[in-house]
Amino acid sequence: MMISHTPSHSPSVMIDSRKPTGKVVLSEGKTLRLLALDLLGDREFWVYIYLANKDKILNPNKIPSGITLVLPDKSAYFIDASDPHSVAKAKSLGKEILKEF
């Protein structure tokens with residue numbers, strides 16, 4: 001994580017959201033939502049898996065089985081299934097992204 005200073009000298013955080021924490025092969029019948037539930041603790045976090053793999057996922061609703069996906073760094077997106085604000089933020093972002101498809 002890098003910290004930069006704004007003109008008011010208050011620190012702001014810039015996060016490298018592409019920092020992967022591992023890889024997983026999407027098995028037959030799995031979706032990003034099911035993968036997020038299994039690996040990140042809540043279905044709404046699918047959006048972060050999508051963002052980490054946007055270069056190889058054309059449509060988050062249609063992902064072929066057998067594709068290798070990188071998993072997002074939980075700290076980069078503040079992923080915390082026990083935090084309602086974290087889940088709500090992911091849900092809101094997911095709705096915005098799905099409007100494109």
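Predicted model: local features only at pLDDT ≥ 70, side-chain atom pairs only at ≥ 80, totals over all residues.
The buried residues of helix H4 pack against H2, where contact means heavy atoms within 4.5 Å, and where helices are DSSP runs of H or I of at least four residues, numbered from the N terminus. Residues are numbered from 1 along each chain as its sequence is written, and side-chain values use heavy atoms, with hydrogens and water left out.

Which residues of H4 are buried? They are Ser86, Val87, Ala90, Gly94 and Ile97, buried being under 20% relative accessible area, exposed over 50%, and partly exposed in between, with a 1.4 Å probe and protein chains only. Seen down the axis of H4, these buried residues fall within an arc of 95 degrees, so they line one face of the helix; the arc is that of the directions from the helix axis to the C-beta atoms. On the other side of H4, Pro84, His85 and Lys95 are exposed.

As for the length of H4, its 15 residues, 84–98, should span 21 Å at 1.5 Å a residue, and the end C-alpha atoms are 21 Å apart, which agrees; the expected span is 1.5 Å times one less than the number of residues. At the start of this helix, a side-chain oxygen of aspartate 83 reaches to within 3.0 Å of the backbone nitrogen of histidine 85.

Let me turn to the charged pairs. How many salt bridges does a search of the whole structure find? There are 3, a salt bridge being a side-chain nitrogen of Lys or Arg within 4 Å of a carboxyl oxygen of Asp or Glu.

In one of them, glutamate 44 pairs with arginine 33, with the closest N and O atoms 3.7 Å apart. Glutamate 44 lies in the loop between helix H1 (32–40) and helix H2 (46–52), and arginine 33 in helix H1, so the pair ties together parts that are 11 residues apart in sequence. Glutamate 44 counts as buried at 16% relative accessibility, whereas arginine 33, at 30%, is partly exposed.

Aspartate 38 forms a salt bridge with lysine 30, the closest N and O atoms lying 2.1 Å apart; aspartate 38 is partly exposed at 49%, and lysine 30 is partly exposed at 26%.

Lysine 99, finally, bridges to glutamate 96 with 3.0 Å between the closest N and O atoms; here lysine 99 is exposed at 62%, and glutamate 96 is partly exposed at 43%.

Notes:
Helix = DSSP H or I, 4+ residues; strand = E, 2+ residues; numbered from the N terminus. Polar contact = N/O pair within 3.5 Å; in protein donor to acceptor, adjacent residues only side chain to side chain.
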